[in-house]
Amino acid sequence: MDNSHECCRHVKDVSLKDLRDRLAEFAKVRGWEQYHSPRNLLLALVGEVGELSEIFQWKGEVARGLPNWSPDDKEHLEEELSDVLLYLVQLADVCELDLGKAALTKIVKNAKKYPVLN
């Protein structure tokens, strides 16, 4: 395995805003903004979800913490989960939506919809 995690070991928590800003700069300096329409980002996101699904496709049920997975398999999963997250953050950004706030609002709605049964 390479040392790709070395650059980020010191980072404790990363905010959606940090990711959004870094992704926007990444696309801007490469001239990719023109290709980042909501539709294009959604289709890229769907493709990445497919790649994520392939990792689990033939594994059956998987235990929490992935105790039987190799470090390489876990790294591959991290990469695909990251791709999904990054496209989702970009999609929300180009749609001018606050993804963090929307997620918190959705949790509150779900709590009302599915109350704790005592």
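Predicted model: local features only at pLDDT ≥ 70, side-chain atom pairs only at ≥ 80, totals over all residues.
Is Leu66 buried or exposed?

Hi everyone. Residues are numbered from 1 along each chain as its sequence is written, and side-chain values use heavy atoms, with hydrogens and water left out.

Let's start with the overall picture. The protein chain has four helices and zero strands, where helices (H or I, at least four residues) and strands (E, at least two) are DSSP runs numbered from the N terminus. Read from that end, the order of elements is α-α-α-α. The radius of gyration of the protein chain is 17 Å, well over the 13 Å from the globule rule for 118 residues, so the chain is more spread out than a compact globule. That radius is taken over C-alpha atoms, and the rule is 2.2 Å times the number of residues to the power 0.38. Along the principal axes, the C-alpha atoms fill a box of roughly 45 × 45 × 30 Å.

Now back to the opening question. Leu66 counts as buried, at 16% relative accessibility. Buried here means under 20% relative accessible area, exposed means over 50%, and partly exposed is in between (1.4 Å probe, protein chains only). Across the 118 residues of the protein chain, 15% count as buried. Leu66 sits in the loop between helix 2 (38-56) and helix 3 (71-94), and its phi is positive, near 55°, in a residue other than glycine.

Glu96 also has a phi near 55°, again a positive value in a non-glycine residue. You'll find Glu96 in the loop between helix 3 and helix 4 (99-113). Glu96 is exposed, with a relative accessible area of 74%.

Next, please look at helix 1. It covers residues 16-30, which makes 15 residues, and it reaches 21 Å from first C-alpha to last, close to the expected 21 Å at 1.5 Å a residue. The expected span is 1.5 Å times one less than the number of residues.

One joins Asp21 and Lys17, at 2.7 Å from N to O. These two are four residues apart in helix 1, so about one helical turn separates them. As a reminder, an α-helix has 3.6 residues a turn, so residues three or four places apart point the same way. Arg20 also forms a salt bridge with Asp21, with the closest N and O atoms 3.0 Å apart. Asp21 is partly exposed at 33%, Lys17 is partly exposed at 48%, and Arg20 is partly exposed at 31%.

Phe26 lies in helix 1 and is partly exposed, at 39% relative accessible area. Together with Trp32 and Tyr35, Phe26 forms a nonpolar surface patch with about 330 Å² of accessible area. Patches are made of residues with over 30% relative accessible area and no salt bridge, joining like charges within 9 Å and nonpolar side chains (Val, Leu, Ile, Met, Phe, Trp, Tyr) within 5 Å. The areas come from the Shrake-Rupley method with a 1.4 Å probe, and for residues only the protein chains shown count as cover.

Methods: Salt bridge = Lys/Arg side-chain N within 4 Å of Asp/Glu carboxyl O.
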